[in-house]
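Biologist: I would like to learn how to read this model. Let us take its features one at a time.

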Amino acid sequence: MQTILIATDKPFAKVAVEGIREIVEKAGFQLKLLEKYTEKQQLLDAVKDVEAVIVRSDIIDEQVLNAAAKLKIAVRAGAGYDNIDLKAASAKAVVVMNTPGQNANAVAELAFGMMIYINRNFYNGSSGVELRGKTLGIHAYGNIGRIVGTIAKGIGMDVYAHDPNVDKAAIESNGIKYVADVKELYKKCQYISVNLPANKDTKESLNFDLLSLMPAGATLVNTARKELVHEPSLLKMFAERKDFRYVTDVAPDCQEQIKAEAPTRYYATPKKMGAQTEEANVNAGLAAARQIVNFLTKGDKTFQVN
Ligand code: 3PG
């Protein structure tokens, strides 16, 4: 019997694991569970005898792929697959997929949770500011960016988006103002929601030249990846722009310095939790299980990314 492993350092909600189990067992496969592991060796041991694996931000590098002698498919239950070595997977003929859009709503909601939290002074009872009437720039108008736009419009924000891969008409048809030049987006918007994938073109692309274009009351909101932000630039922004604020679900390596220097202008979740809702876990987890079953039983490669 073929085995499908769930390997999640940050576990899915119980209801999602139950749903995955049902799909897997109904299709005639066996489920194996490795949650909250603390050592890489546990992952290396767990992948040894499995044909498929479902992961979240868990690192699937060459060593893990080499240990997984029987592996045919790895599915990232989520959007970003920068945690999987695609080249090494392809070299071993392992199919890699993601589950695009399945956790997008949860991530988009958290962006607003963080904006409101800092705008209301961390709920300390003092007088804060509102989002209504402020400008919001969506940097990358994908599954998350689109939902960010819908929520922002509901709140009454003035919403702009930049994405070289999305048509102007598609952005405007959702009532969002299209901005062709990324610099214009940063110039116009008091709030920027970062919804970019992390890849060789985007890593460290949010640098001082770009961030410093933001107007007074600049607030950067990052629910994507820490690697997108050039950290020396981030420190320079905090030092030179006393109005600059940063809220993030992916804490930078330099966060202790920021916390010491600008405690009221910075917030990071204690652990990445954008996709950490029951709904997102069910959506992404069950989609991953279905994609694996369809691949193992019918060779369906929809959502393959390598
Ligand atoms: C994603 O890329 O889907 C999100 O960053 C969520 O990551 P997580 O599954 O590790 O919470």
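Biologist: Leaving aside its neighbours within four places in sequence, which residues is Lys10 in contact with?

Modeller: First, the ground rules. This is a predicted model, where local features need pLDDT of at least 70 and side-chain atom pairs count only at pLDDT 80 or more, while totals for chains, interfaces and linings use all residues. Residues are numbered from 1 along each chain as its sequence is written, and side-chain values use heavy atoms, with hydrogens and water left out. Contact means heavy atoms within 4.5 Å. By that rule, Lys10 touches Arg56, Lys271, Lys272 and Gln276, its neighbours within four places being left aside.

Biologist: Where is the place of Lys10?

Modeller: Helices (H or I, at least four residues) and strands (E, at least two) are DSSP runs, numbered from the N terminus. Lys10 lies in the loop between β1 (3-8) and α1 (14-26). Its C-alpha is separated by 7.0 Å from that of Glu35, 25 residues apart along the chain.

Biologist: Does Lys10 count as buried or exposed, and why?

Modeller: Buried means under 20% relative accessible area, exposed over 50%, and partly exposed in between (1.4 Å probe, protein chains only). Lys10 has 15% relative accessibility, so it counts as buried.

Biologist: Now helices. What should helix α5 span?

Modeller: The expected span is 1.5 Å times one less than the number of residues. Helix α5 (residues 104-119) has 16 residues, so it should span 22 Å; its end C-alpha atoms are 23 Å apart, which agrees. Buried residues in α5 include Val107, Leu110, Phe112 and Ile118. Asn121 follows α5 with a positive phi, near 55°.

Biologist: How far does helix α12 reach?

Modeller: From first C-alpha to last, the 21 residues of α12 (278-298) reach 29 Å, close to the 30 Å expected. Just after α12, Gly299 takes a positive phi of about 75°.

Biologist: Which domains does the assignment give?

Modeller: Such bounds come from an automatic or database domain assignment. Here it gives domain 1 (3-102 + 277-298) and domain 2 (104-268). Their contact takes eight residues from domain 1 and five residues from domain 2.

Biologist: How much area do domain 1 and domain 2 bury between them?

Modeller: Buried area is the accessible area (1.4 Å probe) that two parts lose on being put together, summed over both. Domain 1 and domain 2 bury about 480 Å², 48% of it on carbon and sulfur atoms. Asp82, Gly101 and Thr277 supply 65% of the area that domain 1 buries against domain 2.

Biologist: How many salt bridges does the rule find across the interface?

Modeller: The rule asks for a side-chain nitrogen of Lys or Arg within 4 Å of a carboxyl oxygen of Asp or Glu. It finds one across the interface of domain 1 and domain 2. Arg225 forms a salt bridge with Asp82, the closest N and O atoms being 3.0 Å apart.
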